[in-house]
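Here is a short note for anyone opening this structure for the first time. Keep the sequence and the view side by side while reading.

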Amino acid sequence: MIRDHTLHLNAVDTQQLTRWMKSALAAGVQAGENPFGAAIFAVDGTQVVAANNTVNSTNNPAAHAEVNAIADASRSLGRSDLGGYWLLATAEPCPMCLSAAVIAGIRNIAFGANQVVVNEAGYGGLGICSRELANQFNCEIVLRGSILGNDCVRFLLNNRKPN
């Protein structure tokens, strides 16, 4: 179930999310890797981790930036429950990444480029966007899109998947 962020009193505003997204975007710039970055922040603004997609270098199709960030944050914090933290991703999380975030207790997610742009850049999808999938979950999730959107869109489209 998605909670409309305009109705949800939240201490994190768009300016804060924009600052945080810059960390996710910087993490996504890795030579030889798919152009996706993610970061996890505490509500007070403390960055826990920033991670990039490592599918190519690890030959692991599950090594998406969001999954890597969740794993790194869990190791760094010494716990698997990341409830109360924000996940920022340069692109709308795929079903695997959104599910991993929810399993980790993350209920606040912001992204830059939407699934249409991910598809346009050649990275495909599974035919379901985050909002559709989130409506199937039995918990409330705050999804904020288009955070630093133009920069994230440009980053993806400038780093299209090779044919």
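How many bridges join strand E1 to E3, and do they run parallel or antiparallel?

1. **Basis of the note.** This is a predicted model, in which local features need pLDDT of at least 70, side-chain atom pairs count only at pLDDT 80 or more, and totals for chains, interfaces and linings use all residues. Residues are numbered from 1 along each chain as its sequence is written, and side-chain values use heavy atoms, with hydrogens and water left out. Helices (H or I, at least four residues) and strands (E, at least two) are DSSP runs, numbered from the N terminus.

2. **E1 and E3.** To the opening question: strand E1 (residues 37-42) is joined to E3 by 5 bridges, and the two run antiparallel. Ile40 has Leu87 in E3 as its bridge partner. Two strands pair if DSSP finds at least two bridges between them.

3. **The whole sheet.** The sheet is open and has 5 strands, in the order E2-E1-E3-E4-E5, with mixed pairing. E2 and strand E5 (142-144) are at the edges with a single partner strand each, so one side of each has no neighbour in the sheet. From one strand to the next, the twist averages 15°. Strands of a sheet pair through backbone hydrogen bonds, either parallel or antiparallel.

4. **The parallel pairs.** E3 is joined to strand E4 (residues 108-113) by 5 bridges, and these strands run parallel. Here Trp86 has Asn108 in E4 as its bridge partner. E4 also pairs with E5 in the parallel sense, over 3 bridges.

5. How many residues of strand E3 (residues 85-91) are buried? The count is 7 of its 7 residues, and the strand is mostly covered. Buried means under 20% relative accessible area, exposed means over 50%, and partly exposed lies in between (1.4 Å probe, protein chains only).

6. Asn52 lies in strand E2 (residues 47-52). Is Asn52 buried or exposed? Its relative accessibility is 16%, so Asn52 counts as buried. Setting aside neighbours within four places in sequence, the contacts of Asn52 include Ala27, Gly28, Gln30, Phe36, Ala63 and Asn68. Contact means heavy atoms within 4.5 Å.

7. **H3 against H4.** The axes of helix H3 (residues 65-77) and helix H4 (residues 95-103) come within 8 Å and cross at roughly 20°. The two helices are therefore roughly parallel to each other. Angles under 35 degrees count as roughly parallel, over 145 as roughly antiparallel, 65 to 115 as roughly perpendicular and the rest as oblique. Axes are lines fitted to C-alpha atoms, for helices over the stretch in contact, and angles run from 0 to 180 degrees between N-to-C directions. Glu66, Val67 and Ile70 in H3 meet Met96, Cys97, Ala100 and Ala101 in H4. By class, this contact has 6 nonpolar, no polar and 1 charged residues. Ala, Val, Leu, Ile, Met, Phe, Trp, Tyr, Cys and Pro count as nonpolar, Asp, Glu, Lys and Arg as charged, and the others, Gly among them, as polar.

8. **H1 against H7.** Helix H1 (residues 14-28) and H7 pack at an angle of about 10°, with axes 11 Å apart. H1 and H7 are therefore roughly parallel to each other. Met21, Leu25 and Gly28 of H1 make the contact with Asp151, Cys152 and Phe155 of H7. Its residues divide into 4 nonpolar, 1 polar and 1 charged.

9. **H7 and the sheet.** H7 also lies across E3 and E4, running at about 60° to E4. Val153 belongs to helix H7 (residues 149-157). Val153 is partly exposed, at a relative accessible area of 24%. Beyond its neighbours within four places in sequence, Val153 is in contact with Ala113 and Val117.

10. **Two backbone points to check.** Asn59 is not a glycine, yet has a positive phi of about 50°. Asn59 sits in the loop between helix H2 (55-58) and H3, and counts as exposed at 68% relative accessibility. Leu148, also not a glycine, has a positive phi of about 55°. Leu148 sits in the loop between E5 and H7, and is buried, with a relative accessible area of 15%.
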